[in-house]
Amino acid sequence: MNIKNFFAIGVMSGTSLDGIDIAYIRFTQANDGYNYEIMHAETFEYENYWIENLKIALDFDEAKLHDLNVEYTEYLSVVIYDFIVKYQIAAIDFIASHGHTIKHRPDLGYTLQIGNLPGIKKYLPYPIVCDFRVQDVDFGGQGAPLVPIGDALLFADYDYCLNLGGFSNVSFSLDGNRIAYDLSPVNTVLNFYANQLGLPYDDKGINARSGALNIDLLDKLNALPYYQKSYPKSLGLEFVNDTILPIIESFDIDIDDKMHTFTHHIAQQIVNGLPTQKGKLFITGGGVYNDLLIELIRSYGSNLEVIIPDALTIEFKEALIFAFLGLLRMQNKINVLSSVTGATHDHSSGKIFR
């Protein structure tokens with residue numbers, strides 16, 4: 001058996017603005033199969049400067065957004081360098097970085113993740129793989145989700161792989177193809193209302209649990225056309241800002257009621273978005289720690305076996321899989337599936353700065 005080891009760093013920043021997830025991973029390749037071990041991992045919380053700027057960057061003009069991109073790229077380089085120094089990491093074959101999504105409108109032919117400029121190499125003398133989404137949009141795809149090939153090759157034991165981050169997304173195998181799509185906003189909305197209460201997030205869903213269900217609001221959210229669309233489909237902050245928040249704000253109810261109702265909405269869209277409501281549902285992402293949300297998923301999906309893994313996998317699965325996408329790109333193997341994104345063909349995506 002031909003066995004190879006690869007040492008990689010995966011970097012992910014999600015739309016929920018929890019921080020920058022960095023994971024140091026050893027991949028073992030035996031013939032065509034892959035295994036992994038997360039050796040070190042940490043989330044670097046954003047300072048207020050970055051939280052405020054990343055929240056409003058969607059509205060920046062082209063020049064201001066360019067300057068932010070340059071600044072954020074150098075900032076990422078420093079954060080990754082500090083991670084390497086802190087954990088005294090010596091063996092690094094490459095670094096794979098997602099960057100931070102500012103704009104995502106594949107229907108209009110563009111997506112933008114800042115932090116993917118050549119300047120990311122300023123403090124990092126290693127091959128960098130980044131900017132994974134743009135090529136897929138150029139090929140007519142959604143540019144998202146990209147995680148499903150990692151689900152297929154690293155987490156094949158589960159019927160569904162669900163991530164609860166800024167948005168919820170799911171991937172699964174159907175008739176020999178990997179299928180994936182975004183289901184609904186999650187922490188992009190819940191954190192918005194937690195911030196209005198002076199909280200960074202709603203710890204364990206405590207505030208949402210104290211609220212009441214507003215059926216009229218729930219029905220209006222569930223009736224949105226996106227949820228009736230077939231895949232491939234994906235969501236961006238534009239959907240939250242232009243569609244979700246105006247609907248919620250049209251209801252004169254307490255913030256806790258808004259959060260409670262939206263948590264029901266999330267759970268219903270997750271369960272309704274699955275092709276069948278049975279099988280093993282493997283859940284990762286920060287939303288796993290929202291006890292109310294997990295209870296509601298179990299309630300609405302009573303025939304599903306909900307599986308929650310260890311803390312490292314919960315919190316760093318996306319960083320892990322972007323490292324894996326980088327490995328496939330370095331090997332010039334397919335890392336984006338047209339069955340998922342709707343692109344014209346499968347392809348190997350990501351810029352490589354050597």
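Leaving aside its neighbours within four places in sequence, which residues is Gly141 in contact with? Some notes to get you started.

1. First, the ground rules. This is a predicted model, where local features need pLDDT of at least 70 and side-chain atom pairs count only at pLDDT 80 or more, while totals for chains, interfaces and linings use all residues. Residues are numbered from 1 along each chain as its sequence is written, and side-chain values use heavy atoms, with hydrogens and water left out.

2. Back to Gly141. Its partners, neighbours within four places in sequence aside, are Pro106, Asp136, Thr341, Gly342 and Ala343 (contact means heavy atoms within 4.5 Å). You'll find Gly141 in the loop between helix H3 (134-138) and helix H4 (148-154); helices are DSSP runs of H or I with at least four residues, strands are E runs of at least two, and both are numbered from the N terminus. Gly141 counts as buried because its relative accessibility is 2% (buried is under 20% relative accessible area, exposed is over 50%, and partly exposed is in between, with a 1.4 Å probe and protein chains only).

3. The peptide bond leading from Ala144 to Pro145 is cis, with omega near -15°. Another cis bond runs from Tyr231 to Pro232, this one with omega near 5°, and Pro232 sits in the loop between helix H7 (215-222) and helix H8 (237-249).

4. Two backbone angles deserve a look too. Most residues other than glycine have a negative phi, and most peptide bonds are trans. Gln88, not a glycine, has a positive phi of about 50°; Gln88 is in the loop between H2 and S4 and is exposed, at 73% relative accessible area. Asp175, also not a glycine, has a positive phi of about 55°. Asp175 belongs to the loop between strand S8 (167-174) and S9, and is exposed at 75%.

5. Now for some buried spots. Within helix H1 (residues 48-56), the buried residues include Trp50, Ile51, Asn53 and Leu54. Their cover includes H2, strand S4 (94-105) and strand S5 (110-114). Ser184, in strand S9 (residues 177-185), is buried with a relative accessible area of 0%. Neighbours within four places aside, Ser184 is in contact with Phe167, Ser168, Tyr227, Leu235, Ile266 and Gln269.

6. What about charge pairs? Side chains of opposite charge can pair when their charged atoms come close. Eight salt bridges are counted, taking a salt bridge as a side-chain nitrogen of Lys or Arg within 4 Å of a carboxyl oxygen of Asp or Glu. One of them joins Glu74 and Lys122, with the closest N and O atoms 3.2 Å apart. This pair links distant parts of the chain, since Glu74 is in helix H2 and Lys122 is in the loop between S5 and S6, 48 residues apart. Glu74 is partly exposed at 32%, whereas Lys122 is exposed at 52%.

7. Arg209 and Glu295 form another salt bridge (3.0 Å, N to O). Arg209 is in helix H6 (residues 206-210) and Glu295 in helix H10 (residues 291-300), so this pair ties together parts that are 86 residues apart in sequence. Glu249 and Lys258 also pair up, their closest N and O atoms being 3.0 Å apart. In that pair Glu249 is partly exposed at 42%, but Lys258 counts as buried at 7%.

8. Finally, the surface. Tyr81, Val85 and Tyr123 make a nonpolar patch with about 270 Å² of accessible area together. Patches are made of residues with over 30% relative accessible area and no salt bridge; like charges are joined within 9 Å and nonpolar side chains (Val, Leu, Ile, Met, Phe, Trp, Tyr) within 5 Å. Areas come from the Shrake-Rupley method with a 1.4 Å probe, and for residues only the protein chains shown count as cover. Tyr123 lies in the loop between S5 and strand S6 (128-130).
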